[in-house]
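Subject: A structure for you, with notes

Hi,

Here is the structure I promised to pass on. Please have it open while you read, as my notes follow below.

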Amino acid sequence: MELEGLSNVQMEMVLQFQDFTGIEDISVCRDVLTRNMWDLEVAIQEQLNIREGRPSVYATESRPPQVINDRYLQHVFSSASGSTPRPSGFTGLINYFINNVFSFCYNTVSSLVMAFLNLFRSNERIKHPVHPVFYHGTYAQALNDAKRELKFLLVYLHSEGKSEAESFCRNALSDTQVVTYINRNMIFWACDIASPEGYRVSHSINARQYPILVVVGMRWNKMIIMGRMEGDCSAEELLRRLQTVVTDNEVYMSQARAERLERSLTQSLRKQQDEAYEQSLKADQEKERRKQEEKEEQLRQQQAIEAEKQAEVERKNNIARLKIDMASEVPSEPPADASGTTSVVFKLPSGARIERRFYRQDSIRDVYKFIFCHPASPDRFEITTNFPKRVLYSEAKETDGSATISDVGLQNREVLFVNDLDA
């Protein structure tokens, strides 16, 4: 099926292109759109340019494709009026040879002279009221467009001085059926051999008789001359000749289109596979990157936890050393019968109760040192009264630790609370 393997959007574009251009072969429509990267507007514009005889944007004059000129691969049609009677006898053979040599030399010299005289003349097209659409580019551009579009290229070389050429243009090439057939099936390039380009092309196709038409097309991946028509003929005969060449060689053109389409589809499939692989690779790389980031984040969190634990251990060790060092700074407890003392009961956050006597001239800082050095005390705490609540000493606030027990108003027996600041 011609539309097999296409998406719904591509199928719709093929049908739109066919409706707009009128190309009957849907595989050709698909091929044209594929070559133009499925840009419907560009593909339609290219077809319109070619139908109007304008070179496509892809046509170039540099390095045109080589055209194989092998008469064994051509349909050769010659005009009966232009053929020379077969010589008879030795004398006739001599005359035939001399006439042909003279004719060849005369035609060559006259062509050179006319080419020189017309060197600075513009390459004007053959002027007749009705004619096929002329391709308005060079011969090289016409070859490139024919190869790219896989269309037949019809080359017509005109000789102004030949009466047969005038008759051919007036009667055969201007026929409506011939014009319609050429416009529908071929790119038509015409030139007068009096122009420099026409002279070069006449030698490249080995023209011997004028007017001359050659049909160039793609066969076996090469551009070859498929048909050669020399001399004047009727419109019916010209149409028959063209149809014969096209019919016998259309299979090669169809094969070339199929091969090109297959290559294009293979390239497209390979491109899609490469894109899918790249996307899969990127997805795997992204997944690996995220996994690596997660591992690194987990490692950072673990390291942070370990650092916190280590810091906590260091803090505990520092506090333990500080308690040992500060124990020597705690004043001794006064005897039970000593005067000027205050008995204090401390209630710790753990529920433990500690009782201790202090001299009233001892500072609140001394009281703090006693509680701090006790094994059951919190690491950070404050010492307060019960009611009314007063903060006597706090590590979180600036308090005067030099004030004595008497200064803060503690009497003979007091109850103080130790509040954990980290709880």
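First, a definition: rings of Phe, Tyr and Trp (for Trp, its six-membered ring) pair if their centres lie within 6.5 Å, and the pair counts as stacked with planes under 30 degrees apart, edge-to-face with planes over 60 degrees apart and tilted for the rest. The model is predicted, so local features need pLDDT of at least 70 and side-chain atom pairs count only at pLDDT 80 or more, while totals for chains, interfaces and linings use all residues. Residues are numbered from 1 along each chain as its sequence is written, and side-chain values use heavy atoms, with hydrogens and water left out.

**Aromatic rings**

Searching the whole structure gives ten aromatic pairs. One of them is tilted: the ring centres of Tyr139 and Trp189 are 5.3 Å apart, with the planes at 55 degrees. This pair links distant parts of the chain, 50 residues apart, with Tyr139 in helix α5 (residues 139-149) and Trp189 in strand β4 (residues 186-192). Helices here are DSSP runs of H or I with at least four residues, strands are runs of E with at least two, and both are numbered from the N terminus. Tyr139 and Trp189 are both buried, where buried means under 20% relative accessible area, exposed means over 50% and partly exposed is in between (1.4 Å probe, protein chains only).

Tyr368 and Phe372 make a stacked pair, because their planes are at 25 degrees, with ring centres 5.7 Å apart. Both belong to helix α10 (residues 364-373), where four residues, about one turn of the helix, separate them. Tyr368 and Phe372 are buried as well, and together with Phe381 and Tyr393 they form one aromatic cluster.

Which charged groups sit over rings? Lys323 lies over the face of Phe372, 5.6 Å from the ring centre, and the charged end of Arg219 is placed over the ring of Tyr252, 4.3 Å from its centre. The test asks for NZ of Lys or CZ of Arg within 6 Å of the ring centre and within 35 degrees of the ring normal.

**Backbone points to check**

Most residues other than glycine have a negative phi, and most peptide bonds are trans. With that in mind, here are some exceptions.

- Tyr210 and Pro211 are joined by a cis peptide bond, with omega about 0 degrees; Pro211 is in the loop between α8 (196-204) and β5 (212-219).
- Another cis peptide bond joins Phe387 to Pro388, with omega about -10 degrees, and Pro388 is in the loop between β9 (381-385) and β10 (391-394).
- Asn206, not a glycine, has a positive phi of about 60 degrees. Asn206 is in the loop between α8 and β5 and counts as partly exposed at 34% relative accessibility.
- Asn221 is also not a glycine and has a positive phi of about 65 degrees. Its place is the loop between β5 and β6 (222-230), and Asn221 is exposed, with a relative accessible area of 53%.

**A five-stranded sheet**

There is an open sheet of five strands with mixed pairing, in the order β8-β7-β11-β9-β10. Two strands pair if DSSP finds at least two bridges between them. At the edges are β8 (353-359) and β10, each pairing on one side only. Inside the sheet order, β9 and strand β11 (residues 413-420) run antiparallel and are joined by five bridges. Thr384 has Phe417 in β11 as its bridge partner.

Arg380 is in the loop between α10 and β9 and is partly exposed, with a relative accessible area of 29%. Arg380 and Ala423 are 43 residues apart in sequence, and 9.4 Å apart in space from C-alpha to C-alpha.

**A pocket**

What lines the second largest pocket? Its lining has 20 residues, and Ile23, Glu24, Lys151, Arg184 and Asn185 are the ones nearest the centre. On a 1 Å grid over the protein atoms alone, a pocket is an open set of points where a 1.4 Å probe fits, with protein on both sides within 12 Å along at least five of seven lines; lining residues have an atom within 4 Å of a point. At least two lining residues come from each of α2 (26-35), α3 (40-51), α7 (176-185) and α9 (235-327), and α9 gives the largest share, with four.

Best wishes
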